[in-house]
Amino acid sequence: MQIQQLNLGTEEFGVFHQVPEVLGLDRNSIPLDLEQAQLSPDNPFFQHAEGCGFVCEKEGKSSGRVFASLDQNLHQHDGQLVGHVGYFAFAEDTASAEALLRAAEEWLKGKGVTHVHGPVNLNIFSGYRVQMSGFDTSPFPGEPRNPEYYGKLLEEAGYEVLATWSSWDLPPDFVKSSAEYFKKSASQSPLPGLAIRKGDVRQLSEELQRLYRPTMEIFSSNYGFSQISQDEFLTAFIHLQPLMEADLFHILADDSGKIGGFVFAYKNAPTDHTRIIFHTAALLEKWRATPVVYELASPLWETAAATGLPVIGALAKEGKTTYDRSGPPSRTYSVVARAL
C-alpha cells in the first residue's frame, strides 16, 4: 500500500480526479467539471486557505483518495483549530481508508490543527456531510451521496458523529396541505413594509450578487461557517441555474430594498422533471420567529403544490422542522470529527 501526496496545480494532481471512476463510484454529489474548478489554484478559496490531496494505491490499483484543507476564515470555537478532510472516494477497505485519513491528519497536524471534521469539501458552500441512511432512495441533485460502508470506515478510523441533517420525501398530498397551512398563516397577520418578489433566474449572477451580503449575515451562525468572497459565493450556486425557475425562487425585501431573506427550490432535471427539491430557506434573525416565515414560504409551497409533483425537503439541520409532520426522515447525513 502506498500513499501519494498531490499538490494543487501540478500535472500529477489529475490522478486525484480519476479515483471515483477507477473505483466505479457515482458522481451525483459533485460533477467532474465542478470538482476540477473547486480544486484549482484559481479558486478564490485558496486565497485564504491551503490544501493537499492524498491518493492510496494498493496492490497496484487506486483504492481511495481524500483532500485535506485548512481555511483561515473558518469560524473557530473553544480554542480549537479545526481542519477539514473531504472529497472522499474510498474502496470498501478499512486499511486504505485509515491510511489515507492518517496521512491527511498528519498534514493538518503540521499546520497546528487540533481537530479534524469531515467530509467538508473545502467549506460548507462547496459541499459537506456523509450519507448515513436512506440508501434505498433515489439520489437528487446536490445530495451528499456515498456508498453505505463509508460510515463504518469513518467509525473504524476513530471518527464520531458531530452533527446530523435529514431529508424527507414529501408526497403531493402533504405538499398541498402544507401550502394551505402556510397561506392561511400568512394571511392572518401580514406585516406592512415588506414585499416578496420572484428571483430572476435568467440573471442569476446579478441576483446572487444582491444576495451575497445578507446571506453571509444569515448563515454566520451555521455549522462550519466561513466568510467567503462574492466570487466564491457565485461559484457555489451558479451551477444550479439550469435546474432553477423563477416560480421556485422568492426574495424578501423591505421598503428600502434591503433584502431580509430568500427561499429557493429547483427541479431534479432540466427537462422531464419528476421531483422538486426544496434547497434553502434563509431569513435574517429578526424575522425568524415572526409571521414573515409563513409569508416567505407560502408562494414556494403553493407553486410546488400546483405541479402535483412530490417534493424533497432537503438537508434540514437537527431540530423541529415543517417536514416532521410527514413522519421520520427518508435520509440522514452527518459530519464526523476526530481530535488529533
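**Cavities and a helix contact**

User: How much space lies in the largest cavity?

Analyst: The largest cavity holds about 100 Å³ of space. On a 1 Å grid over the protein atoms alone, a cavity is a set of points where a 1.4 Å probe fits but cannot get out. Points are joined across faces, edges and corners, and the volume is the space filled by probe spheres set on them. The model is predicted: local features need pLDDT of at least 70 and side-chain atom pairs count only at pLDDT 80 or more, while totals for chains, interfaces and linings use all residues. Residues are numbered from 1 along each chain as its sequence is written, and side-chain values use heavy atoms, with hydrogens and water left out.

User: How many cavities of 30 Å³ or more does the structure hold?

Analyst: There are 3 of them. The second largest cavity has about 70 Å³ of space.

User: Which residues line the largest cavity?

Analyst: A lining residue has an atom within 4 Å of a cavity point. For the largest cavity these are Gln38, Asn43, Pro44, Phe45, Asn123, Phe125, Ser126, Ile228, Glu232, Thr235 and Ala236. Helix α7 gives the most to this lining, with 3 residues. Helices (H or I, at least four residues) and strands (E, at least two) are DSSP runs, numbered from the N terminus.

User: How do the residues of that lining divide by class?

Analyst: Ala, Val, Leu, Ile, Met, Phe, Trp, Tyr, Cys and Pro count as nonpolar, Asp, Glu, Lys and Arg as charged, and the others, Gly among them, as polar. The lining of the largest cavity has 5 nonpolar, 5 polar and 1 charged.

User: What lines the second largest cavity?

Analyst: Its lining consists of Leu204, Leu208, Leu211, Phe233, Phe237, Leu240, Met244, Phe249, Phe262 and Phe264. Two or more residues come from each of α6, α7 and β10 (259-267), and α6 has the largest share, 3 residues. By class, this lining has 10 nonpolar, no polar and no charged residues.

User: At what angle do α6 and α7 pack?

Analyst: Axes are lines fitted to C-alpha atoms, for helices over the stretch in contact, and angles run from 0 to 180 degrees between N-to-C directions. Helix α6 (residues 204-218) packs against helix α7 (residues 230-238) at about 120°, and their axes are 9 Å apart. Contact means heavy atoms within 4.5 Å. On α6 the contact is made by Leu204, Ser205, Leu208, Gln209, Leu211, Tyr212, Thr215 and Met216, and on α7 by Gln230, Phe233, Leu234, Phe237 and Ile238. These contact residues divide into 9 nonpolar, 4 polar and no charged.

Conventions:
On a 1 Å grid over the protein atoms alone, a cavity is a set of points where a 1.4 Å probe fits but cannot get out, and a pocket is an open set with protein on both sides within 12 Å along at least five of seven lines; lining residues have an atom within 4 Å of a point.
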